[in-house]
Amino acid sequence: MLIAVTAFKLVPGMGMFYTRSIYPVVGTVLSHISGLVPFALGDVFIAGSIAWVFGYPVYAIGYKKTEKRKALGHVGEYLLWVYVWFYAAWGLNYSQPNIYRRMHMRPVEVDKEAFRQFAYSYADSLNAAFDKMVTTKDGKGKAKAHAALELLLKRCDKQQAKAEAAIEKGYEQMGQSARTWGINTPFNHNPKVKTMVFSRLSSMAGVTGSMGPFFCEFTLNADLRPHAYPATYAHEMAHLLGISNEGEANFYSYVVCTTSKDEATRFSGYYHIFFHVIINVRELLGEEEFEQFVSGLRPEIMALARNDREYWLALRSPIIDKTQTFFYNLYLKGNNVEEGLKSYSAVIGMIMAWNK
């Protein structure tokens, strides 16, 4: 089994074969099995594995008087099986070609004017999506500024089930043209999103969602805010469909959400890349134009962004955050994601290439 996993990782073309032909079968079986359990099975498995790896040697050597080499050999064997299971169940998706090759897109060159056009077009779309969300029910006017954010959050909170259905429909449509979009058709038409077992710990590390590779289940943080729910759901569902790269998952989330007819889903899709956009505006266009760009956004959106930042910073633990960031960055780079955590921001280039 280890030899097979290694071959799929190293032999060109095998990664694509795995994602297209093997993973949908494996994912169907594992996601249906994990769907029978109400809690995140993968979270419990990982926590249990960590406890066993550290606890077993102490028990075996200290209490059972097992030979040290034999006890550590058992741990090594267990970790090897976990390694094989991870890649066989989902991890080999890292070996498929990148999105540009799958979608036959040409990467865009770093061009200040092209990015400027994209950024201002994005700002108009974000403002329009926000306006739709805070328009009064009779359609004759918008909520007053001080009530707009409250109205936005209330409407997003009430439409989670609707957002899930819209996102699943979007991926279904993409899957019908898999060769065009480079993503699998949903193999579980009733995916059961679960709440992270260790949500508060995840918040301390700044993690809002995750893909459970061992049982093909995806989880969302219980602390996730209503307006972020649809786009985060779509991001993690992209992982469930075999997308391993974080920037690519952001891209599919953006496309599925912003082309949806559901207003809450559409706003969430635009807002999901907000911080990536403004960081790039400041770095590529300069401080003066950054101020001009920000002034063109609805003030409520800027207030929401500040509120979000304060919300997550209040939950975050600097030590846990830095530790998680360090190891996750190593993990990504060890799985053919050369940019590491910077791959999240690659979504901007992908959207620009897709638009072009």
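Modeller: The model is a predicted one, and a definition comes before the helix pair: axes are lines fitted to C-alpha atoms, for helices over the stretch in contact, and angles run from 0 to 180 degrees between N-to-C directions.

Colleague: What makes the crossing of α6 and α13 left-handed?

Modeller: A crossing is called left-handed because the near helix is turned anticlockwise from the far one by less than a right angle, and α6 passes α13 in a crossing of that hand.

Colleague: Which residues of α6 and α13 meet?

Modeller: Among those in α6 are Tyr 122, Leu 126 and Phe 130, and the α13 side includes Arg 266, Phe 267 and Tyr 270. The residues of this contact divide into nine nonpolar, one polar and three charged.

Colleague: Why is Ser 260 called buried?

Modeller: Ser 260, in the loop between α12 (246-258) and α13, has a relative accessible area of 9%, and buried means under 20%, so Ser 260 counts as buried. Not counting residues up to four places away in sequence, Ser 260 touches Ala 166, Thr 265 and Arg 266.

Colleague: And why is Ser 31 called buried?

Modeller: Ser 31, which lies in helix α2 (residues 14-34), has a relative accessible area of 7%; the cut-off is under 20%, and therefore Ser 31 is buried. Leaving aside neighbours within four places in sequence, Ser 31 is in contact with Phe 187, Asn 188, Phe 215 and Cys 216.

Definitions and conventions
Residues numbered from 1 in each chain as written. Predicted model: local features only at pLDDT ≥ 70, side-chain atom pairs only at ≥ 80, totals over all residues. Heavy atoms only, no water. Helix = DSSP H or I, 4+ residues; strand = E, 2+ residues; numbered from the N terminus. Buried < 20%, exposed > 50% of the residue type's maximum accessible area, 1.4 Å probe, protein only. Contact = heavy atoms within 4.5 Å. Nonpolar A, V, L, I, M, F, W, Y, C, P; charged D, E, K, R; others polar.
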